[in-house]
Amino acid sequence: MLDELRELYQEVILDHGKNPRNFGRPDGTNRQAEGYNPLCGDRLTVYVTLADDGRIAEAAFEGKGCAISVASASLLTEVLKGRTVAEADALFDSFHRLCTDDAFDPDDVAALGEEAFERLQVFSGVKQFPVRVKCATLAWHTLHAALHGEGRTTTE
Amino acid sequence: MSSNASAPYAAPGSNSMLAFDVARVREDFPILRQEVYGKPLVYLDNAASAQKPRQVIGAMSQALETCYANVHRGAHYMSQHATDAYEQARAKVQAFLGAERPEEIIFTHGATEAINLVATSYGQGFLKQGDEVVLSVLEHHANIVPWQLLRERTGIEIKVAPIDDDGNFLFDEFEKLLTPRTKMVAITHISNALGTITPIAAIIEAAHAAGAKVLVDGCQAAPHQHLDVRALDADFYVFAPHKIYGPTGIGVLYGKADLLNAMPPYQGGGEMIRKVTFEETTFQDIPHRFEAGTPPIVEAIGLGAAVDYLSAIGQTAVEAHEAGLLAYASERLADIPGLTIIGRAREKASIVSFVMEGAHPHDIGTVIDRAGVAVRAGHHCAQPLMERFGLSATARASFGLYNTREEVDALADALAKVREIFA
């Protein structure tokens, strides 16, 4: 029992869950969306500054949630900087597969030159906890809504 | 009849009237023998839905195997037989609630539908713009949203009775909300999220004195308390059969006959009509007027068996057993560092909501699930109440008649593991 739990609650996740990075609302952001998980009532807002060159200059978030959703939001803000919208979308796609797809091979993503993705692999334990997938992906769904102008999203 | 239900109507635990024997009771619930993640199932999510004894499972499969047809329709033997069983279930529920007449019992498709029925049919029939409906901050969404929908349709106003920081219902504050414009008071008997038992008899008396009708949400009271709608003088009383060890897919609405008789139909369809032409339709008497379409027939029969089961054990014995579990659980949980119990009302049913420092309720739920312990983590469909405490969620352990002190220990041990990971 403890093995799978340790796999889920890795040190990195516990750390980011307790001490989230890029927490708060920075000045000058130009994209934002609110994400909501109606299952548990968790809510978070993702802020993005999309620069003129089409790359993400800054990402931050605020809100309340479980260790998984807060850690996921925190790591998301760290790995986004410097990416284009298309690259962020591709990362979300890989992340989603990491959390849900048994056949997913993280090495395939290495082909994208994704050093960042290695950092996200701490969430691979989520696969064993299907009800927690929504927690892990809430920030990503919200990011998607922010980048594509949808404003609000839920994990339903 | 299924093989493990050779005596489907046998009294649970033959000596149960003399002494409540939880081990015997547990034998009646096949699912409690299941293991999850290699651990015995410790099922503490009874406020969400309770498990079913073989008496209920047996009665339902027996009905499907020997006595099934549509009710109130056919002239044939099987339909008559099924109709008798269905109406017998109504009579059992009548006795369970202490109602005066069987036609005061309406079978709906769930407790939520039962509240919607009253909010729609009584609400649109008798409430108008400016009339007031008084709710409490303890309410489940199912006893909030139907009244908000009514507000959109008719322009009624909604007032909300408060609680104190321990979750006690503030009766004096409630009384101040009553005015000559108060036409309906819709309040829970027991809070699903905190376990608070409201002073429902006094609430009803005060509401009646103000000229208002009262709907009681009894979903959490029905499994835990002896009920007597006539002694309470409730106008409407709603409960969910699946929380009293019966099936899902059916709800119960009790209503005083004179009120139900005066109310317009809720849904139109078969069974609820007397005569239909394209110019005009006349409706059946109660209860059938409110049971449009094919009703939950087998579910009603299962509910009848659940009522028999509870009656055989005796609600008083159940209450005493659960009070012991509540006291023990409150004590064990209070000893866990960093754990705070939310809801310490003076009158409380066997529901314990709590939060832990450093661990979100969802994380608590996940960790203890791996120890086989099932609790609810979330807002319990009571978001205004969560907001009242400045929370988005709690973890909630809710105890039923088959739970044991050893299971409370299993919960406490599992929570110690939560501390290990998150403290």
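What percentage of the 156 residues in chain A is made up of buried residues? Buried residues account for 44% of them, where buried takes 20 or more other C-beta atoms within 10 Å of a residue's own, with C-beta atoms placed from the backbone. Before the views, a word on the model: it is predicted, local features need pLDDT of at least 70, side-chain atom pairs count only at pLDDT 80 or more, and totals for chains, interfaces and linings use all residues. Residues are numbered from 1 along each chain as its sequence is written, while chains are lettered from A and ligands numbered from 1 in the order in which they are written.

**View 1. Chain A has seven helices and four strands.** Helices (H or I, at least four residues) and strands (E, at least two) are DSSP runs, numbered from the N terminus. Starting at the N terminus, the order in chain A reads α-α-β-β-β-α-α-α-α-α-β. Its radius of gyration is 15 Å, close to the 15 Å from the globule rule for 156 residues, so chain A is as compact as a globular protein of that length. That radius is taken over C-alpha atoms, and the rule is 2.2 Å times the number of residues to the power 0.38. Along the principal axes, the C-alpha atoms of chain A fill a box of roughly 45 × 35 × 25 Å. Of the contacts in chain A between residues at least 6 apart in sequence, 66% link residues at least 24 apart; a contact means C-beta atoms, placed from the backbone, within 7 Å.

**View 2. Chains A and B meet through 15 residues from chain A and 16 residues from chain B.** On the chain B side, α12 (361–369), β16 (376–378) and α13 (383–388) each supply at least two residues. The biggest giver there is α12(B), with four residues.

**View 3. Seven strands of chain B make an open, mixed sheet.** The order is β4-β10-β9-β8-β7-β5-β6, and strands count as paired if DSSP finds at least two bridges between them. At the edges stand β4 (105–108) and β6 (157–161) of chain B, each with a single partner strand, so one side of each has no neighbour in the sheet. Ignoring direction, neighbouring strands are turned by 20° against each other on average. Helix α7(B) packs on this sheet, touching β7 and β8 of chain B, and its direction makes about 160° with that of β8(B). Axes here are lines fitted to C-alpha atoms, for helices over the stretch in contact, with angles from 0 to 180 degrees between N-to-C directions.

**View 4. Strand β8 (residues 213–217) of chain B is mostly covered, with five of its five residues buried.** B:Lys213, B:Leu215 and B:Asp217 point one way, and B:Val214 and B:Val216 the other. Strand β7 (residues 182–188) of chain B runs parallel to β8(B), joined by five bridges, and B:Met184 sits opposite B:Lys213. Three bridges tie β8(B) to the parallel strand β9 (residues 236–239) of chain B. There, B:Val216 has B:Tyr237 as its bridge partner, and B:Asp217 has B:Val238.

**View 5. B:Phe96 sits in helix α3 (residues 77–97) of chain B.** With 26 C-beta neighbours inside 10 Å, B:Phe96 counts as buried. Leaving out residues up to four places away in sequence, B:Phe96 touches B:Leu227, B:Val307 and B:Ser311.

Methods:
Contact = placed C-beta atoms within 7 Å. Buried ≥ 20, exposed ≤ 12 C-beta atoms within 10 Å, placed from the backbone.
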